[in-house]
Amino acid sequence: MSFASETKEELCRDELSRRCCAQAEAYGVLLFCSRSTGDGVRIVTESAAFARRLPLLFKKAFRLRFDGQPAEPWEGAGKRVFTVEDRDKLSQIWETFGSDPRETVAHHINFAVLEEEHCRTAFFRGAFLAGGSVTDPAKRYHLELATSHYSVSREMSALLVDAGFAPKETTRKSNYITYFKQSEAIEDFLTAIGAPLSAMAVMNAKAEKAVVGGVNRRVNCDAANLDKAVEAAQEQIEAIRRLEARGALEDLPPKLRATAELRVEHPELTLAQLSELMDPPVTKSCLNHRLRKLLELERKGG
Ligand SMILES: [Zn+2]
């Protein structure tokens with residue numbers, strides 16, 4: 001099951017308690033479903049959980065049944081279509097929200113029916129169930145609400161801003177999209193509309209990415225340090241070879257000479273490893289000091 005389907009299933013566990021909220025949720029469904037005009041309503045969903053909820057939702061909100069709905073059982077994949085075509089039913093539905101069914105081509109959100117916060121939350125939930133989707137957070141952060149009504153999209157954004165969100169807007173084919181790209185906004189939205197488990201899944205995905213990111217950063221950092229060590233070793237070895245070519249190695253004090261020989265013998269070792277190989281062993285800083293001395297002698301032509 002996709003992450004979006006799981007989220008919708010979680011949302012559908014929410015009981016239909018208040019009638020005002022059932023109406024608000026149905027309002028969200030109507031404004032974000034495939035088609036809703038005065039001539040007919042058509043709700044298409046792939047979510048089995050939402051398909052089970054819809055008849056109950058419309059019964060609670062409007063005390064009516066769909067004219068067309070899929071045959072049970074609704075388990076498994078596939079699209080499920082719910083329709084209302086009966087004039088009286090359509091009038092009743094639209095009048096609930098103060099709109100005339102003959103003038104519902106260009107819908108607007110009637111804010112008056114969403115004054116209470118519980119109703120607004122239910123409206124968001126309905127919009128998400130009918131026209132929303134959320135991407136698996138392991139892949140990327142994206143949650144969107146799509147509607148074919150321009151004004152509804154603008155007004156939905158305004159409602160979301162009012163609720164403390166900062167949604168973005170775009171268009172896709174003939175749909176107007178309101179969306180979030182930030183994980184925090186997605187978490188907050190899912191929690192608000194009744195999907196705290198899905199919100200937690202987003203949080204967990206983010207934590208996992210942070211851990212993997214941290215490991216990568218550390219590996220990169222180690223690699224960078226290693227590069228520096230290799231570069232330094234090469235510089236030391238070249239200097240020692242030049243000293244050797246000039247016959248200057250023999251004239252060096254025994255400790256410096258032993259250091260030079262060991263460096264050339266073990267070009268791959270770090271300073272710490274090399275200092276342990278010295279006989280007798282020396283500290284890393286002592287070895288570093290000796291190598292710098294060799295570089296200095298080479299520069300002075302010694
Ligand atoms: Zn309510």
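Predicted model: local features only at pLDDT ≥ 70, side-chain atom pairs only at ≥ 80, totals over all residues.
Biologist: What is the volume of the largest pocket?

Modeller: On a 1 Å grid over the protein atoms alone, a pocket is an open set of points where a 1.4 Å probe fits, with protein on both sides within 12 Å along at least five of seven lines. Grid points are joined across faces, edges and corners, and a volume is the space filled by probe spheres set on the points. For the largest pocket that volume is about 790 Å³.

Biologist: Which residues lie closest to the centre of the largest pocket?

Modeller: Lining residues have an atom within 4 Å of a grid point. The largest pocket has 32 of them, and the closest to its centre are Lys8, Val44, Glu46, Ala130 and Gly132.

Biologist: Which element gives the largest share of that lining?

Modeller: Helices (H or I, at least four residues) and strands (E, at least two) are DSSP runs, numbered from the N terminus. Elements that give two or more residues to the lining of the largest pocket include α1 (3-11), α3 (48-62), α5 (117-131) and β7 (175-180). The largest share, four residues, comes from α1.

Biologist: Which element gives the most to the lining of the second largest pocket?

Modeller: The second largest pocket has a volume of about 230 Å³. Of its 14 lining residues, the closest to the centre are Ala229, Val230, Leu269, Thr270 and Leu271. Both α8 (196-245) and α10 (271-277) supply at least two residues. With six residues, the most comes from α8.

Biologist: How far apart are the end C-alpha atoms of α3?

Modeller: The expected span of a helix is 1.5 Å times one less than its number of residues. The 15 residues of α3 should therefore span 21 Å, which agrees with the distance between its end C-alpha atoms, 22 Å.

Biologist: Where does α3 have a kink?

Modeller: The bend at a residue is the angle between axes fitted to the seven residues ending there and the seven starting there. In α3 the kink is about 30 degrees and comes shortly before the proline Pro55, at Leu54.

Biologist: Is Lys89 buried or exposed?

Modeller: Buried means under 20% relative accessible area, exposed over 50%, and partly exposed in between (1.4 Å probe, protein chains only). Lys89 is found in helix α4 (residues 87-96). Beyond its neighbours within four places in sequence, Lys89 is in contact (heavy atoms within 4.5 Å) with Leu64, Arg65, Phe66, Asp67 and Val84. Its relative accessible area is 19%, so Lys89 is buried.

Biologist: What is the phi of Arg63?

Modeller: Most residues other than glycine have a negative phi. Arg63 lies in the loop between α3 and β3 and is exposed, with a relative accessible area of 62%. Although Arg63 is not a glycine, its phi is positive, about 55 degrees.

Biologist: Which residues does a cis peptide bond join?

Modeller: Most peptide bonds are trans. Pro280 is found in the loop between α10 and α11 (284-299). With omega about -5 degrees, the cis bond joins Asp279 and Pro280.

Notes: Residues numbered from 1 in each chain as written. Heavy atoms only, no water.
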